[in-house]
Amino acid sequence: MKFAAAVSALATVASAATINIGKPVSPLDVKIEMVGNTGVKATITNNGGEDLKVFKTGSLLDKSPTEKVKVTQGKTKAAFSGVRLRVKKTGLKESSFQVIPAGETVEKVFDIAELHDLSAGGAINMVSEGALQYAKAGSTQIIGSVPYSSNLLSTTVDGLAASKVFKAFHARIKRQDVQSDCTGSEKSATESAINACADLANEAASVAESDDAKLEEYFKNTDSSTRSTVVGVFNSIASECGSTTSGAPYYCSDVYNSCEDGVIAYTLPSEGYMVNCPIFFSDLSPASSTCHDQDQQSTVLHEVTHLTSVAGTDDYGGYGYDFVQSLSAEQNLNHADTYALFAQCKFILSDAKKKISSCPIVRYGPNRYSIADPVALATIYGHGTKFIKSSWYDAWTPPGGWNLFADRDIPRHANTRRQLQSTYSMTSLVSYEPYVDQCSEIFSRRLAEMSEAGTAVDIGHWMQCYAFDVIGQITYGKRIGFLDRGDDVQGIMRAIENQLIYGTLVGIYAGLHRLAFVVFNFLAGKKGAGRQFIVKISKARIAEEQERRKGMSQSEEGKAGIIGAEPFVSKFLAKNEQDPEKFSMQHVLAGCTANMAAGSDTTSITLSAILYYLLRHPDCMQKLRSEIEEFRAAGLVSDSFGFKETQQMPYLQAVIKETLRVHPATGLPIERVVPEGGTTVCGRFFPAGTIVGINSWVAHRNTQIFGADADTFRPERWLISDEEQLAAMNRQWIPFGMGSRTCIGRHISTLEISKLVPRIVHEFDFELSAESVGASWSTQNYWPNG
């Protein structure tokens with residue numbers, strides 16, 4: 001490989017054959033259509049239940065000359081004359097992302113003749129396929145990817161017109177010759193990385209020859225053809241990187257104007273040269289000691305694979321280990337980062353002892369495994385995953401029935417969630433603040449009364465009373481009465497606790513559910529047991545709302561007796577009236593019941609835990625009180641502690657986040673079934689049908705992610721300036737789940753917690769009762785860990 005002092009004119013060189021990705025399970029629906037002779041309009045629809053914040057760089061949405069469609073003429077792939085990138089995974093800019101709201105569509109128009117020489121004209125076919133990487137709202141840390149595959153589009157091209165487009169585009173982006181490129185420290189760093197690339201490739205070829213487990217992990221196959229291909233690519237890389245006097249030119253300045261946000265390096269396969277962008281030198285270490293990390297040596301190896309003379313690999317719009325694991329065996333053989341990560345991680349993954357200590361796997365039942373691997377999160381739970389919920393969830397719904405939480409049918413769940421999503425969005429829920437304020441006021445009065453009486457308070461019980469009345473008010477427009485009476489109204493609390501016990505235990509032996517369900521409900525009598533009792537209450541409240549709506553004029557609907565926004569039941573019934581086939585009464589019932597069954601226990605557990613940990617750590621309590629008083633003195637918060645106001649209180653938010661880390665409300669592995677073809681996690685292959693899961697209590701105490709004090713309550717860990725560390729912790733922070741099955745009601749819980757905690761900390765002094773001082777907090781783990 002040699003450094004370049006000048007750039008030659010563009011030349012068309014055939015690249016690798018296209019890979020047929022097929023039609024993956026994905027919330028994205030991508031359609032392409034012709035606009036004129038060679039223009040293409042891509043429409044990208046998010047059919048999932050969650051907004052997707054997608055990373056544009058290197059994707060179908062990128063403004064840079066990346067390959068957005070694969071074009072074939074007959075059986076030959078049209079040569080691609082654009083760039084292939086390696087993109088950084090952290091420290092990205094907000095402007096590099098685009099939000100595709102649930103149920104909405106975005107468009108991208110581009111001209112395929114700019115990057116493909118179609119001067120021969122005639123019939124062509126094209127398809128857009130790959131993935132869009134995404135981040136969580138409020139973050140620029142890429143945490144996963146969503147696959148897509150468009151329709152196959154066939155058309156006939158006017159070759160003369162296409163040739164004019166191609167020439168005009170390349171005339172616009174023609175570069176000046178670069179003299180004395182790669183000098184000083186940049187030259188030294190690049191030379192070192194190239195030499196290290198040769199060493200990596202040689203060792204990787206050796207590993208690929210002998211290590212079946214590693215070959216299976218990255219390339220999902222160990223047959224002779226796969227082994228021969230992988231070894232051959234690494235040998236070609238070693239040959240390319242092993243020469244500094246011949247081979248492809250390497251540049252250290254942005255000769256193609258493609259070093260946009262997050263781009264570490266890029267390659268022009270048609271030109272046969274590579275470019276290191278500024279962040280290659282400023283942000284990457286020469287060689288990272290962390291498996292699957294991005295460093296200079298593996299970046300060079302990544303880019304070299306793009307060269308047509310080496311492998312002509314693709315990126316498919318995705319980078320990193322999680323993305324590698326989401327690809328098929330055929331795709332991995334043509335994916336640049338698969339080769340880069342295979343080589344970069346050879347020392348770590350080949351060390352069995354280190355693998356076991358850093359990635360433990362615990363078998364807790366026949367064919368059931370709990371995994372403590374941070375990178376497995378996106379593999380198992382990420383958007384577009386084919387890992388369905390296990391049969392354990394069957395016990396959380398009547399035999400033959402369904403609800404959003406327990407639904408194991410991925411398309412049906414996505415459709416249901418999409419119809420409910422807008423009602424549960426934070427924008428919508430903020431309008432319910434008056435409901436929360438009313439319940440907070442009553443809760444505060446009850447605490448004042450008990451304080452005056454001088455008696456010990458079961459704060460867990462009262463937190464549950466608060467959570468139940470808030471969710472009752474939001475769902476039905478009126479409180480159930482827990483805060484008024486102070487006891488278990490109609491035995492609802494006990495019914496939910498019974499359901500937790502039933503679902504957790506019977507779910508393990510799901511085959512018994514049909515019989516056990518009948519027996520338990522027969523023994524409970526007319527009121528029903530567990531969730532069925534809550535279903536009957538929900539049906540009664542729905543019927544009341546239906547009668548109320550019948551007796552009101554259209555202009556009065558949803559207004560009478562309502563102190564805040566229209567309650568959920570009213571919104572659900574309105575949806576049903578508009579389109580009863582699309583939004584059935586089962587949807588109405590499922591939504592209301594889910595709020596009551598899942599929206600109280602988990603929130604009250606978190607509220608109780610927050611107060612417990614603050615009392616156990618008086619310094620944290622004092623810091624929170626100081627922040628509250630500072631904000632009040634500055635007029636930044638109102639007496640009711642508005643939700644938007646509390647979001648600006650950093651220590652409060654750190655306390656909430658840290659509590660959800662050390663005491664998440666759910667305490668069992670979130671089970672999923674390994675799909676057809678199996679999967680490899682922590683270097684171990686799990687065949688299809690295996691049940692795997694990650695327990696948030698385990699994930700949240702990973703010392704490699706959260707530090708040596710991971711078992712300690714320390715809100716300050718979230719108040720650091722190290723963006724990469726924060727990003728790593730946020731990826732592992734899963735109190736509400738992850739991906740398309742993230743808790744749909746999480747914003748309700750966040751609203752309740754953010755408003756109540758600062759209010760009661762401001763208004764009251766708390767202390768542990770005499771019998772609680774020095775004692776450990778006992779918990780009962782039915783699933784929500786109360």
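Helices and strands here are DSSP runs, a helix having at least four residues and a strand at least two. Good morning, colleagues. On that basis, the secondary structure of this protein, which is a predicted model, comes to 30 helices and 23 strands.

I begin with the chain as a whole. Of its 786 residues, 57% count as buried. The accessible surface is about 31,500 Å², and carbon and sulfur atoms account for 52% of that area. As for contacts between residues at least 6 apart in sequence, 74% of them join residues at least 24 apart.

Let me turn to a pair of helices. Two packed helices are described by the angle between their axes and by the distance between those axes. How do the axes of α16 and α18 cross? Helix α16 covers residues 459-476 and helix α18 covers residues 492-506; their axes come within 12 Å and cross at roughly 95°. Because an angle of 65 to 115 degrees counts as roughly perpendicular, α16 is described as roughly perpendicular to α18. On the α16 side, the residues in contact are His 461, Gln 464, Cys 465 and Phe 468, and on the α18 side they meet Ile 492, Met 493 and Ile 496. By class, the residues of this contact divide into 5 nonpolar and 2 polar, with no charged residue.

My next topic is a sheet. Strands of a sheet pair through backbone hydrogen bonds, either parallel or antiparallel. In the open sheet of 4 strands ordered β8-β4-β11-β12, the pairing is antiparallel. Which strands stand at the edges? They are β8, residues 97-100, and β12, residues 142-149; each has a single partner strand, so one side of each is left without a neighbour in the sheet. From one strand to the next, the twist averages 40°. Strand β11, residues 129-135, runs antiparallel to β12 and is joined to β12 by 7 bridges. In one of these pairings, Tyr 134 has Gly 144 in β12 as its bridge partner.

Is Thr 155 buried or exposed? Its relative accessibility is 17%, and since buried means under 20%, Thr 155 counts as buried. Leaving aside residues up to four places away in sequence, Thr 155 touches Met 34, Gly 122, Ala 123, Ile 124 and Met 126. Gly 122 stands 33 residues from Thr 155 along the chain, and the C-alpha atoms of the two are separated by 8.2 Å. Thank you for your attention.

How values were computed:
Residues are numbered from 1 along each chain as its sequence is written. This is a predicted model: local features need pLDDT of at least 70, side-chain atom pairs count only at pLDDT 80 or more; totals for chains, interfaces and linings use all residues. Side-chain values use heavy atoms; hydrogens and water are left out. Buried means under 20% relative accessible area, exposed over 50%, partly exposed in between (1.4 Å probe, protein chains only). Contact means heavy atoms within 4.5 Å. Accessible areas come from the Shrake-Rupley method with a 1.4 Å probe; for residues, only the protein chains shown count as cover. Axes are lines fitted to C-alpha atoms, for helices over the stretch in contact, and angles run from 0 to 180 degrees between N-to-C directions. Angles under 35 degrees count as roughly parallel, over 145 as roughly antiparallel, 65 to 115 as roughly perpendicular and the rest as oblique. Ala, Val, Leu, Ile, Met, Phe, Trp, Tyr, Cys and Pro count as nonpolar, Asp, Glu, Lys and Arg as charged, and the others, Gly among them, as polar. Two strands pair if DSSP finds at least two bridges between them.
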